[in-house]
Amino acid sequence: MSVKSDALFVPLNMAVLTVSDTREYATDTSGQLLVSRLLEAGHTLSERNLLKDDLYKIRAQVATWIADERIQVVLITGGTGFTGRDSTPEAVSCLLDKHIDGFGELFRAISILDIGTSTVQSRALAGLANGTLVCCLPGSTGACRTAWEGILAEQLDARLGRAISCRTSSRCRPASPGDEPEPLDAAGRSTGQPAGHGRYHCRWATRRVSFSLASCFKSSSAGRFWPVAGAFRPGSRPTAG
């Protein structure tokens, strides 16, 4: 990943919730990992709680944090499996204004490297509610590490961007050698091929994008969003795209 040289880091206020019938703070390695990671990244821990697998208590706590003007991100670990008391997705889903379907899809995709096809047993999910990002992660420490390192660390930092490219679209036209900068791969590295080598050039192909989930969060002022990536103006609400 790359950091935009002209971008400033914007720390986010986060809350961490552990859902478990057996753990206490002293044995909550998953919650502690998330706390450690977010603090190391420069974010702020606003609140932390540990609840048993009770659908209504989980929902009440998450709803409270969603309504809290200070809290921009809620990270939940535990209760996403298929046992009788695993109810975190049911507790949280109804609170979300928008579901981020790609979060669960990506989490399961990268988890296959660690746990193989058992990744299908995860019901990890994420969504936005009142300008707050809510992420539901499995209860294992390894899963929390995978989610942070593979998804959250980058998506919660608006300085980080990816070079994007495309092959064909309404915005593209056949490229000719020397016409535009050489193609970049998904990591922003040169492919070693000229612009017209067996591909279409898109005017966005070598443009570094900075949109991340961090641009969708409310600020500490009521009803406002960070104008991080130019996505929203102060005081505005996100609109359907």
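Predicted model: local features only at pLDDT ≥ 70, side-chain atom pairs only at ≥ 80, totals over all residues.
Let's start with the strands. Six of them, in the order β3-β2-β4-β7-β6-β5, make up an open sheet with mixed pairing. At the edges sit β3 (44-51) and β5 (98-99), each of which pairs on one side only.

Further in, β2 and β4 run parallel to each other, joined over 5 bridges. To find one of the links, look for Leu17: its bridge partner in β4 is Ile76.

## Helices against the sheet

Helix α2 (residues 55-67) lies across β2, β3, β4, β6 and β7, and its direction is at about 180° to that of β2. Helix α5 also packs on the sheet, where it touches β2, β4 and β7 and makes an angle of about 140° with β7.

## A closer look at α5

Helix α5 covers residues 141-155, which is 15 residues in total. From first C-alpha to last it reaches 20 Å, close to the expected 21 Å. Even so, α5 has a kink of about 45°, centred on Trp148.

In soluble globular proteins, nonpolar side chains tend to be buried together. Here, the largest nonpolar core has 24 residues, and Met14, Leu75, Cys135, Leu137, Leu152 and Leu156 are the ones touching the most other members. At least two residues of this core come from each of β2 (13-19), α1 (29-40), β4 (73-77), α4 (101-115), β6 (125-129), β7 (132-137) and α5. Which element gives the most to it? That's α5, with 6 residues.

Setting aside neighbours within four places in sequence, Leu137 is in contact with Leu34, Ile76, Phe103, Cys144, Ala147 and Leu152, among others. There is also a second, separate core of 18 residues, and among its members are Trp65, Ala91, Leu125 and Ala129.

Finally, have a look at the loop between β6 and β7, where you'll find Asn130. Most residues other than glycine have a negative phi. Asn130 has a positive one, near 55°, though it is not a glycine.

Is Asn130 buried, partly exposed or exposed? With a relative accessible area of 31%, Asn130 counts as partly exposed, because that value falls between the 20% and 50% cut-offs.

Notes:
Residues numbered from 1 in each chain as written. Heavy atoms only, no water. Helix = DSSP H or I, 4+ residues; strand = E, 2+ residues; numbered from the N terminus. Expected span 1.5 Å × (residues − 1). Bend = angle between axes of the 7 residues up to and from the residue. Core = buried A, V, L, I, M, F, W, Y, C linked by side-chain atoms within 4.5 Å. Buried < 20%, exposed > 50% of the residue type's maximum accessible area, 1.4 Å probe, protein only. Contact = heavy atoms within 4.5 Å. Pairing = 2+ DSSP bridges. Axes fitted to C-alpha atoms, helices over the stretch in contact; angles between N-to-C directions.
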